Structures are given as C-alpha cells and as structure tokens.
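Welcome, and please open your viewer. We will go from one selection to the next, and at each stop you will hear what is there.

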Amino acid sequence: LYNSQVLVDLSSRTPGASIRYTLDGSIPTQDSLSANGSILISSGGSQTLKAKAFLSGTTPSTVFSGVYTID
C-alpha cells in the first residue's frame, strides 16, 4: 500500500534479455510493453504488475509479480 505513485525497477541477470510487463494481471508476452528503466505506477486502486524476461534462443524466465495499491 502506497500513499502516492511508486517507481518499480526491473532488471535481468541475463545480458541482452528484454523485460516485458503488464499492469492488468495478464501474463507478459514478447509483444507486451518493454521495461526500459523504471515503471511508474501512479493510478489509484490496485494494479498487478507482472514481468517476464525474454532472450532469443532461450526459454523465457518465470513470471514475477507484485500488487501495488495506491491510496
């Protein structure tokens, strides 16, 4: 629970991996939004951030998620 907007930093330990994310609780795909730097979560209510790392020729990462509530 946060009183105001929050910045979430996403990174991968795999060099060259692309991190994709969603804010609607759906599983990220290679076509989802790209996480370049910080993601600003600022709208009121709850949002479920899900992220996944992709790298051509490898298996995608597991899905990481967090629920952020802005009051």
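**First stop: Thr22**

Select Thr22 and Ser26: a polar atom of the Thr22 side chain lies 2.6 Å from the backbone oxygen of Ser26. Keep in mind as you look that this is a predicted model. Thr22 sits in strand E2. Is Thr22 buried or exposed? Its relative accessible area is 9%, and since buried means under 20%, Thr22 counts as buried. Now show the neighbours: leaving out residues up to four places away in sequence, Thr22 touches Ile27, Pro28, Ser32, Thr48, Leu49 and Lys50.

**Second stop: the whole chain**

Zoom out and switch to a cartoon view. Of the 71 residues in the chain, 28% are buried. If you colour the charges, you can look for 4 positive and 4 negative ones, whose mean positions are 12 Å apart.

In soluble globular proteins, nonpolar side chains tend to be buried together. To see the largest nonpolar core here, select these 12 residues: Val6, Val8, Ile19, Tyr21, Ala35, Ile39, Ile41, Leu49, Ala51, Ala53, Tyr68 and Ile70. Strands E1 (6-9), E2 (18-22), E4 (38-41), E5 (45-54) and E6 (64-70) each give two or more residues to this core. Which strand gives the largest share? That is E5, with 3 residues.

Stay with the core and pick Tyr68, one of its members. Not counting residues up to four places away in sequence, Tyr68 touches Tyr2, Val6, Val8, Ile41, Gly45, Ser46, Gln47 and Leu49.

**Last stop: Phe64**

Where is Phe64? You will find Phe64 in strand E6. With a relative accessibility of 55%, Phe64 counts as exposed, because exposed means over 50%. Beyond residues up to four places away in sequence, Phe64 touches Leu49, Lys50 and Ala51. To finish, draw a distance between the C-alpha atoms of Phe64 and Ser34: these residues are 30 apart along the chain, and the separation is 15 Å.

Technical notes. Residues are numbered from 1 along each chain as its sequence is written. This is a predicted model: local features need pLDDT of at least 70, side-chain atom pairs count only at pLDDT 80 or more; totals for chains, interfaces and linings use all residues. Side-chain values use heavy atoms; hydrogens and water are left out. Buried means under 20% relative accessible area, exposed over 50%, partly exposed in between (1.4 Å probe, protein chains only). Lys and Arg count as positive and Asp and Glu as negative; His and the chain ends are not counted. The place of a charge is taken as NZ of Lys, CZ of Arg, CG of Asp or CD of Glu. A nonpolar core is a set of buried Ala, Val, Leu, Ile, Met, Phe, Trp, Tyr and Cys residues joined through side-chain atoms within 4.5 Å. Helices (H or I, at least four residues) and strands (E, at least two) are DSSP runs, numbered from the N terminus. Contact means heavy atoms within 4.5 Å. A polar contact is a pair of N or O atoms within 3.5 Å; within protein, one must be able to donate a hydrogen and the other to accept it, and residues adjacent in sequence count only if both atoms are side-chain atoms.
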